[in-house]
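My notes follow in the order in which I checked them.

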Amino acid sequence: MAKRAAAPHRPSLNYHLRIHAKAPDALRHVIMDIARAAAYVRRAILTTEAGLAGAVNQFGEEQQKLDVLSDEIIQQHLRESGLVHSFISEEQADVVELDPSAPYSVVFDPLDGSSLVETNFAVGSIFGIYEGGELIGRTPREQVAALYVLYGPRTILVYSAGNGVHMFILNDVGEYILLNEHLGIGDEAENYSPGNLHAFKDNAGYRASMDRWLQSALTLRYSGCMVADIHHILSKGQGVFTNVGGAKYPNGKLRLAFECGPFAYLVEQAGGSATDGTMSILDKRLTEIDQRTPLILGSAHEVARVSEELQSQ
Ligand code: AFP
């Protein structure tokens, strides 16, 4: 009788998706194609000079060469997969349709934190995957998977396909190997990560949270790249990340579709919470591509405290 092969000691992303997540084959292929695109983005970061591209994106922001390049790399992989109906990218003004008969649609920020590339801080790519073709009108709760790739000293991929949150490392031959399974976020935060701090001037609730943090035993951990800052929470198992409204950005700086939605999915899968201060980010309906939302995310008790402080003012 044939001997049954032992399960791999350090499973690859492909094996994990197939055996542990029991992801449908098409979803597994989309995630593997995204992961492969990210390995190319990683290479582009290492080999491209981080200058300005001389173009502006749909929001009037200057695009860096690497923003454009990363967007092109990811688009090409989604197109070649044959499994993507439509996508929304931070660098594109409209929903882009690829194949109306394909099963999934993807939202993504190709290079979040790109203004940090020249400082050699960590940057990342963020993805959310939906079944079907329509993206406008959906809520992030309808995502069937979300993932991000963090390009730091190591390249780390974190995904969930609805069965917990799992972390992988990119090795020298381009394979993602399991580092940690079932990441969890505890209810109390020891670290805080306050984005859009300009809002401090005109948002008394945010000042109340900030005052409490400064007077508490919490420690500041903030890099300016939400992928790195939220990865800190997922890898330490605690923390709170905020980006709330002020005069300049009344709804905070971050976009619902391709920044807040995927992270809300991942953080809730890890046992944390993600809210705009009044409702779960996962239940916010996507009405426009560039829709922004306040975000308070991480350890559930701390997220609730900050939400109360924001509402009490
Ligand atoms: P860039 O992609 O332009 O560098 O912006 C990064 C980002 O969208 C997000 O990753 C950060 O959390 C946020 O901006 C930082 O905002 P503040 O500088 O206002 O804290």
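Entry one, the ligand site. I began with where the ligand sits: both domain 1 (13–180) and domain 2 (191–312) give residues to the shell around the ligand, so the ligand lies between them. I note here that this is a predicted model.

I then went through the shell itself, which by class holds five nonpolar, seven polar and three charged residues. Of the 15 residues around the ligand, I listed those that come nearest, namely Asp112, Gly113, Ser115, Tyr222 and Met226.

For tyrosine 222, I found an N or O atom of the side chain 2.4 Å from an oxygen atom of the ligand. For aspartate 112, a side-chain N or O atom is 2.7 Å from a ligand oxygen, whereas for glycine 113 a polar backbone atom is 2.8 Å from an oxygen of the ligand. I also looked up the cover: the ligand taken alone exposes 490 Å², and the protein buries 77% of that.

I located cysteine 260 in helix α6, which spans residues 256–269. Is cysteine 260 buried or exposed? Its relative accessibility is 0%, and because buried means under 20%, I recorded cysteine 260 as buried.

Leaving aside residues up to four places away in sequence, I noted that cysteine 260 touches Leu254, Arg255, Ile281, Thr293 and Leu295. Finally, I took the C-alpha separation between cysteine 260 and methionine 226, which is 9.6 Å for two residues 34 apart along the chain; methionine 226 is one of the residues that come nearest to the ligand.

Methods
Residues numbered from 1 in each chain as written. Predicted model: local features only at pLDDT ≥ 70, side-chain atom pairs only at ≥ 80, totals over all residues. Heavy atoms only, no water. Near = heavy atom within 4 Å. Polar contact = N/O pair within 3.5 Å; in protein donor to acceptor, adjacent residues only side chain to side chain. Areas by Shrake-Rupley, 256 points an atom, 1.4 Å probe, with all protein chains shown as cover. Nonpolar A, V, L, I, M, F, W, Y, C, P; charged D, E, K, R; others polar. Domains from an automatic or database assignment. Helix = DSSP H or I, 4+ residues; strand = E, 2+ residues; numbered from the N terminus. Buried < 20%, exposed > 50% of the residue type's maximum accessible area, 1.4 Å probe, protein only. Contact = heavy atoms within 4.5 Å.
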